[in-house]
Amino acid sequence: MHLDHDPAAPAAPPIGFDDFLKVDIRVGTVIAAEVYEGARKPSYKLRIDFGPGIGEKKSVGQVAALYAPEDLVGRQVAAVVNFPVRQIGKALSEVLTLGFADAQGRVTLFSPDARVPNGSRLF
């Protein structure tokens with residue numbers, strides 16, 4: 001799924017600002033996190049509250065290397081909320097939770113420095 005984790009990789013080809021605006025990235029609060037049994041890579045099933053405009057959505061994230069499920073509940077995360085639903089094994093992922101790879105390739109979640117209202121859009 002990930003194209004290139006190498007921090008020294010060149011930038012992707014340019015896109016127009018209108019293309020950027022099509023990607024709807026919102027903040028939500030994790031309200032439940034559980035181990036995704038049977039996943040090929042250690043993963044969690046997350047439920048994230050994006051506020052009244054979007055509601056609660058499910059996501060599957062490969063974040064088990066750095067986070068325990070109980071540490072995720074209450075944490076705000078960023079996610080793309082307008083991709084099509086994706087089947088990941090036997091689970092459905094309704095949003096793409098965003099993160100960056102650390103030096104060992106483990107996913108570090110992308111989140112705001114301070115609490116913001118659920119559903120806030122990245123700009």
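**View 1. The surface of the whole protein.** The protein shows about 8,200 Å² of accessible surface, worked out by the Shrake-Rupley method with a 1.4 Å probe, where only the protein chains shown count as cover for residues. Carbon and sulfur atoms own 57% of that surface. Keep in mind that this is a predicted model, where local features need pLDDT of at least 70 and side-chain atom pairs count only at pLDDT 80 or more, while totals for chains, interfaces and linings use all residues. Numbering starts from 1 along each chain as its sequence is written, and side-chain values use heavy atoms, with hydrogens and water left out.

**View 2. Inside the fold.** Of the 123 residues, 30% are buried, meaning under 20% relative accessible area with a 1.4 Å probe, protein chains only. Now look at contacts (heavy atoms within 4.5 Å): among those with a separation of 6 or more, 57% link residues 24 or more positions apart.

**View 3. Helices and strands.** You'll find two helices and nine strands here. Both come from DSSP runs, numbered from the N terminus: helices are H or I with at least four residues, strands are E with at least two. Starting at the N terminus, the order reads α-β-β-β-α-β-β-β-β-β-β.

**View 4. Strand β1 and its partners.** Strands pair if DSSP finds at least two bridges between them. β1 (residues 25-35) runs antiparallel to β4 (residues 76-80), with five bridges joining them; here Arg26 sits opposite Ala79. Six bridges also tie β1 to β2 (residues 44-49), again antiparallel, and Ala33 has Leu46 in β2 as its bridge partner.

Notes
Buried means under 20% relative accessible area, exposed over 50%, partly exposed in between (1.4 Å probe, protein chains only).
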